[in-house]
Amino acid sequence: MEYNQDWTTKNLRIWKKILLFKFFATPIGIQLNGLFSGLTFHYQWGNEHQVSLTQPYISVDFMMIQKRNGEGTTIALPKGYYITKYITEKYPNYHFLYYDTVEECIDAVRNGQATTTYANTYETEYFLNMPQNRILKSRAIYSIRQEVSIGVSKNADPRLFSIISKGLD
């Protein structure tokens, strides 16, 4: 395969626009054949899920989300997210409810099924600006910081990972 610098540079700019357009953390699912644009930069976790991780392209804080008058020990967590592993290890005596998405976790808190959930600052800002979520409050948790990287399945063509990594440098 012939290397074309102009083509590579142009396409990396396009990929950056596509990947950075909408920021939501990406869960790891059963099928790992693709490209994940918002994975926590943690090599051990990436290896466990057969994903190669680029260097981080952004760093974000996490927020605790609760009802304005709510307290308790039932935490809604999204399946397959690094934050889920972190919180369950940090608070082993709490009760956990697992949902497919962060939005479902926030709905669980709003509806009273859970007292707390966690999301990164971008997700929190997005969801808490919705009218139905005005009864919720958030608080930054500065001890939990997410370094976000792009993950490429180890089942994918290794050239994809190489191109993306070079584009982020």
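Student: Is T116 buried or exposed, and what is its relative accessible area?

Tutor: The model is predicted, so local features need pLDDT of at least 70 and side-chain atom pairs pLDDT 80 or more, whereas totals for chains, interfaces and linings use all residues. Residues are numbered from 1 along each chain as its sequence is written, and side-chain values use heavy atoms, without hydrogens or water.

T116 is buried, because its relative accessible area is 4% (buried means under 20%, exposed over 50% and partly exposed in between, with a 1.4 Å probe and protein chains only). This residue belongs to strand β6 (strands, E, of at least two residues and helices, H or I, of at least four are DSSP runs numbered from the N terminus). The side chain of T116 makes a polar contact of 3.0 Å with that of Q66 (a pair of N or O atoms within 3.5 Å; within protein, one must be able to donate a hydrogen and the other to accept it, and residues adjacent in sequence count only if both atoms are side-chain atoms). Setting aside neighbours within four places in sequence, T116 is in contact with M64, I65, Q66, G72, T74, I75, A76 and V109 (contact means heavy atoms within 4.5 Å).

I87 touches I75, L77, F96, Y118 and I144, if residues up to four places away in sequence are not counted.

Charged side chains come next. The structure has 4 salt bridges (a side-chain nitrogen of Lys or Arg within 4 Å of a carboxyl oxygen of Asp or Glu). One of them joins R145 and D61 at 2.4 Å, N to O. Because R145 lies in strand β7 and D61 in strand β3, this pair ties together parts that are 84 residues apart in sequence. R145 is partly exposed, at 45% relative accessible area, whereas D61 is buried, at 17%. In another salt bridge, the closest N and O atoms of D100 and K79 are 3.1 Å apart. D100 is in the loop between β5 and α4, and K79 is in the loop between β4 and α3, 21 residues apart. D100 counts as partly exposed at 46%, and K79 is partly exposed at 43%.

D107 is partly exposed, with 24% relative accessibility, while R110 is buried, with a relative accessible area of 18%.
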